[in-house]
Amino acid sequence: MTFEENNKAIYLQIADRICDDIMHGKYDPDTRIPSVREYAASVEVNANTVMRSYERLTNKGLIFQKRGIGFFVSPDAKEKIIIERSDDLMNRQLPPLFNLMRYMGITPDQLRDAYSNYLDNSK
């Protein structure tokens, strides 16, 4: 796994990657995810770093542990991730974009058209 140089802690980047994998169907609800050691080996980090990621995901209710068996995806993990990421988009990411659009004179219609073109080209 390649980590970004963006001042975001590696354990947070790993947690985000696991959320991405859940969103894309790599890990379905109630299925086992790799053990801490397996995941640490696959991304070449210390197992303690992965454990911090798993603890974070557990605290958010996205994964759960079955003692002696491993970690599993919560049944409602995908819905929780969508809610969290939508909230982040609407409250943290979009306001600076809207500010930039206002300064550059980009209209909501232009944004809608650009988004429509994006959707058409990504099929």
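Start by selecting Arg 32, in the loop between H1 and H2; helices here are DSSP runs of H or I with at least four residues, strands are E runs of at least two, and both are numbered from the N terminus. This is a predicted model, where local features need pLDDT of at least 70 and side-chain atom pairs count only at pLDDT 80 or more, while totals for chains, interfaces and linings use all residues. Residues are numbered from 1 along each chain as its sequence is written, and side-chain values use heavy atoms, with hydrogens and water left out.

Arg 32 is partly exposed, at 39% relative accessibility (buried is under 20% relative accessible area, exposed over 50%, partly exposed in between, with a 1.4 Å probe and protein chains only). Leaving out residues up to four places away in sequence, Arg 32 touches Tyr 27, Glu 38, Ile 69, Phe 71 and Phe 72, a contact being heavy atoms within 4.5 Å.

Stay in that loop and pick Asp 30. Its phi is near 65 degrees, positive in a residue other than glycine. Most residues other than glycine have a negative phi. Asp 30 is partly exposed, at 47% relative accessibility.

For another positive phi, go to Glu 44, at about 60 degrees and again not a glycine. Glu 44 sits in the loop between H2 and H3 and is exposed, with a relative accessible area of 72%.

H2 (residues 36-43) and H3 (residues 47-59) pack at about 115 degrees with axes 8 Å apart; axes are lines fitted to C-alpha atoms over the stretch in contact, and angles run from 0 to 180 degrees between N-to-C directions. Which residues in H2 meet H3? Val 36, Tyr 39 and Ala 40 do, against Ala 47, Val 50, Met 51 and Tyr 54 in H3. That contact has 7 nonpolar residues, no polar and no charged (nonpolar covers Ala, Val, Leu, Ile, Met, Phe, Trp, Tyr, Cys and Pro; charged covers Asp, Glu, Lys and Arg; the others, Gly among them, are polar).

Finish on H3 by selecting Val 50, Ser 53, Tyr 54 and Leu 57, which are buried. They lie on the same side of H3 because they cover an arc of only 95 degrees around the axis, taken from the directions from the helix axis to the C-beta atoms. The buried residues of H3 pack against helix H1 (10-23), H2, strand S1 (63-66) and strand S2 (70-73).
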